[in-house]
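This report covers the strand arrangement of one model and the surroundings of a single residue. Please look at the sequence and structure first.

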Amino acid sequence: MVTVFSKNNCIQCTMTKRFLEQHHINFIEHNIDEQPEFVDALKQEGFKATPVVKLPNGSAFTGFRPDMLKQLA
């Protein structure tokens, strides 16, 4: 399952979620504005911006990356 860590008023987050929905890719969303318990873990992993997309294979990336997301479609 794909996991998307997003926050409010984040254009790249919205674009990432829209891409996943349009390509019928199931994902779980954690909004770090509403669920701040995820912030420290993401920072420890070296992420400084949203969205953070974690893939089923264990890899992860940040930002709106249609090149990476297309591999899931």
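Contact here means heavy atoms within 4.5 Å. Leaving aside neighbours within four places in sequence, threonine 62 is in contact with Phe47, Ala49, Thr50, Pro51 and Val52. The model is predicted: local features need pLDDT of at least 70 and side-chain atom pairs pLDDT 80 or more, while totals for chains, interfaces and linings use all residues. Residues are numbered from 1 along each chain as its sequence is written, and side-chain values use heavy atoms, without hydrogens and water.

Threonine 62 is partly exposed, with a relative accessible area of 35% (buried is under 20%, exposed over 50%, partly exposed in between, with a 1.4 Å probe and protein chains only). Polar atoms of its side chain lie at these distances from two backbone oxygens:

| Backbone oxygen | Distance to a polar side-chain atom of threonine 62 |
|---|---|
| alanine 49 | 3.0 Å |
| proline 51 | 2.9 Å |

Threonine 62 belongs to strand 4 (strands are DSSP runs of E, at least two residues, numbered from the N terminus). The open sheet has four strands in the order 2-1-3-4, with mixed pairing (two strands pair if DSSP finds at least two bridges between them). Strand 2 (27-31) and strand 4 (60-62) are at the edges with a single partner strand each, so one side of each has no neighbour in the sheet.

Strand 4 pairs with strand 3 (residues 52-54) in the antiparallel sense over three bridges; phenylalanine 61 in strand 4 is the bridge partner of valine 53. Strand 1 and strand 2 run parallel, joined by five bridges, and valine 4 has glutamate 29 in strand 2 as its bridge partner.

Notes: A polar contact is a pair of N or O atoms within 3.5 Å; within protein, one must be able to donate a hydrogen and the other to accept it, and residues adjacent in sequence count only if both atoms are side-chain atoms.
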